[in-house]
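Let's take a walk through this one together, starting with the whole chain and ending up inside it. Have a look first, then read on.

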Amino acid sequence: MKQTVLLPQDIAKPGRDYLLERGYELKMGRGISEKLIAEDVRGCSAVIARLGAFGKHVIEAEPGLRVIARHGAGYDNIDIEAAKEAGIWVTFDPVSNGNAVAEHCIALLLACAKNLPAMDQAVRSGNFAVRNQRPTTELSGKVLGIAGFGRIGKMVAQKAGDGLGMEIAAYDPYVKEAKGARMTKTLEELLEFSDFVSIHMPSAEETRGMFGIEQFKKMKRTAWLINGARGELVKEKELISALSQGVIAGAALDVFEKEPPEKDSGLFQLDNVILSPHNAALTKEAMERMAVTAAKAVDDVLSGRRPQFVVVEGK
């Protein structure tokens with residue numbers, strides 16, 4: 001009897017093909033609400049999780065569920081404790097989207113320095129004189145402060161340092177020394193002398209809301225904040241206030257406290273913020289790699305092998 005894998009959202013063709021070639025049946029879900037996923041997971045041995053809530057109701061909905069394979073690096077939308085209690089494997093993919101996210105953060109960094117969105121809009125509206133009205137800056141010699149010096153943070157540091165000639169500083173409570181970067185003892189120290197601050201921390205109890213008005217006040221008034229990690233790390237209302245009052249020069253965000261943001265979000269009223277729709281990791285190449293990695297994890301568990309990247313070891 002074929003084992004069934006639930007896809008609440010579609011994945012790239014190489015991932016689907018990997019599973020089909022190994023005899024699995026794929027079940028396309030009807031949506032990403034916890035209610036729909038809990039209904040759709042019945043009869044399935046595995047689920048590949050992208051967006052959506054994979055809480056206790058989902059985990060307890062199907063006794064035969066053996067693995068939740070996260071399509072990506074973050075797994076904060078999965079109830080880890082419930083998975084442990086149920087003996088369900090949870091896997092993740094900490095490698096496939098790193099370069100895509102790092103490149104996107106560099107793109108945001110350049111857009112901030114060169115005021116690209118404002119320049120684009122001005123030219124389109126006939127204001128060619130904007131070239132003398134909105135000064136831009138060079139990145140060479142500027143300090144990029146990286147908050148969270150894990151895999152992606154280090155990739156951003158390498159691209160910015162070697163490629164753009166920036167000086168690199170970093171704060172990470174779990175990293176004491178790093179080649180090519182000045183490690184600071186505190187986040188506040190990092191904020192004080194950085195010209196740009198790029199966030200690369202995971203979402204955890206100790207990091208949620210870590211960046212608020214007190215932190216923005218520590219930054220230079222000419223500094224920009226870049227967040228390509230998780231929206232809940234930044235107190236959005238306090239960021240809007242800081243941007244409105246000139247506490248910092250600007251921000252570039254790929255992630256938000258609520259996604260998508262409300263239509264009346266104060267962010268949309270500001271011309272010193274650059275926004276992208278949480279698509280840093282969604283390059284064609286990264287999506288294919290993540291799909292295959294998740295598919296391999298499913299096949300490993302259902303074939304009795306230990307998967308490569310494990311969050312929860314199941315039965």
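What percentage of the 315 residues in the protein chain is made up of buried residues? Buried residues account for 51% of them, with "buried" standing for under 20% relative accessible area. Keep in mind as you look around that this is a predicted model.

The protein chain exposes about 15,400 Å², and 50% of that comes from carbon and sulfur atoms.

Next, step back and take in the overall form. Along its principal axes, the C-alpha trace of the protein chain spans about 70 × 45 × 30 Å. Why does a radius of gyration of 21 Å agree with a compact globule? Because a compact globule with 315 residues would have a value near 20 Å, and the protein chain has 21 Å.

As for what the chain is built from, you can trace 11 helices and 13 strands in it. Look at how the chain meets itself, too: of its contacts with a separation of 6 or more, 60% are between residues 24 or more positions apart.

Finally, let's go inside. Rolling a probe the size of a water molecule over the atoms shows where empty space is left. In this structure there is one cavity of 30 Å³ or more. The largest cavity has a volume of about 40 Å³. To find it, look for its lining: N227, G231, V234, E236, L239, L253, V255, F256 and E257.

Methods:
Residues are numbered from 1 along each chain as its sequence is written. This is a predicted model: local features need pLDDT of at least 70, side-chain atom pairs count only at pLDDT 80 or more; totals for chains, interfaces and linings use all residues. Side-chain values use heavy atoms; hydrogens and water are left out. On a 1 Å grid over the protein atoms alone, a cavity is a set of points where a 1.4 Å probe fits but cannot get out, and a pocket is an open set with protein on both sides within 12 Å along at least five of seven lines; lining residues have an atom within 4 Å of a point. Grid points are joined across faces, edges and corners, and a volume is the space filled by probe spheres set on the points. Helices (H or I, at least four residues) and strands (E, at least two) are DSSP runs, numbered from the N terminus. The radius of gyration is taken over C-alpha atoms; the globule rule is 2.2 Å times the number of residues to the power 0.38. Buried means under 20% relative accessible area, exposed over 50%, partly exposed in between (1.4 Å probe, protein chains only). Contact means heavy atoms within 4.5 Å. Accessible areas come from the Shrake-Rupley method with a 1.4 Å probe; for residues, only the protein chains shown count as cover.
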